[in-house]
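This briefing is for a reader who has not seen the structure before.

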Amino acid sequence: GESHSETLILENNFAHCYGQQERLDEAIALQEQVVAKVEAAFGSEHFQTATFRGNLGGYHLRKRDYGTAEPLLRESVRVLETTLGPDAANTVGMRG
């Protein structure tokens, strides 16, 4: 189904493909949908929600939309630090 974790991962990957092609508006639109679905399925404090939210922040960062990117990235790091720990690979990677 559309909220199954594998489906959400695939949609995240499609958004990543758009980002790799510099189709950032399409990447953002799809990633926003993915974040909404994963948040509805797993909650806002789930590590996967945080990871996908961080990906969305990264697309905004690449567009130089810093005002939108910063809170998304900060929230992502906060949740990852809480759920996985400050030294976890995902957390460290999200901090950049």
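Buried means under 20% relative accessible area, exposed means over 50%, and partly exposed lies in between, with a 1.4 Å probe and protein chains only. The model is predicted, so local features need pLDDT of at least 70 and side-chain atom pairs count only at pLDDT 80 or more, while totals for chains, interfaces and linings use all residues. Residues are numbered from 1 along each chain as its sequence is written, and side-chain values use heavy atoms, with hydrogens and water left out.

**Loop residues**

- Arg64 is exposed, with a relative accessible area of 65%.
- Arg64 is found in the loop between H3 and H4; helices (H or I, at least four residues) are DSSP runs, numbered from the N terminus, as are strands (E, at least two).
- Although Arg64 is not a glycine, its phi is positive, at about 65 degrees.
- Glu22 lies in the loop between H1 and H2 and counts as exposed at 54% relative accessibility.
- Glu22, also not a glycine, has a positive phi of about 60 degrees.

**Nonpolar cores**

- A nonpolar core is a set of buried Ala, Val, Leu, Ile, Met, Phe, Trp, Tyr and Cys residues joined through side-chain atoms within 4.5 Å.
- The largest such core has 13 residues, and Phe52, Leu56 and Tyr59 have the most contacts inside it.
- Two or more residues of this core come from each of helix H1 (5–20), helix H2 (24–42) and helix H3 (47–62).
- H2 gives the most to this core, with 7 residues.
- Apart from this core lies another, of 7 residues, among them Ala50, Ala69, Leu73 and Met94.
- Neighbours within four places in sequence aside, Leu56 is in contact (heavy atoms within 4.5 Å) with Ile28, Gln31, Glu32, Val35 and Leu72.

**Packing of H3 and H4**

- H3 packs with helix H4 (residues 66–83) at an angle of about 155 degrees, and their axes are 8 Å apart.
- Axes are lines fitted to C-alpha atoms, for helices over the stretch in contact, and angles run from 0 to 180 degrees between N-to-C directions.
- H3 and H4 are therefore roughly antiparallel to each other, a label for angles over 145 degrees; under 35 is roughly parallel, 65 to 115 roughly perpendicular and the rest oblique.
- Residues of H3 that meet H4 include Phe47, Ala50, Arg53 and Leu61, and those of H4 include Tyr66, Leu72, Glu75 and Thr83.
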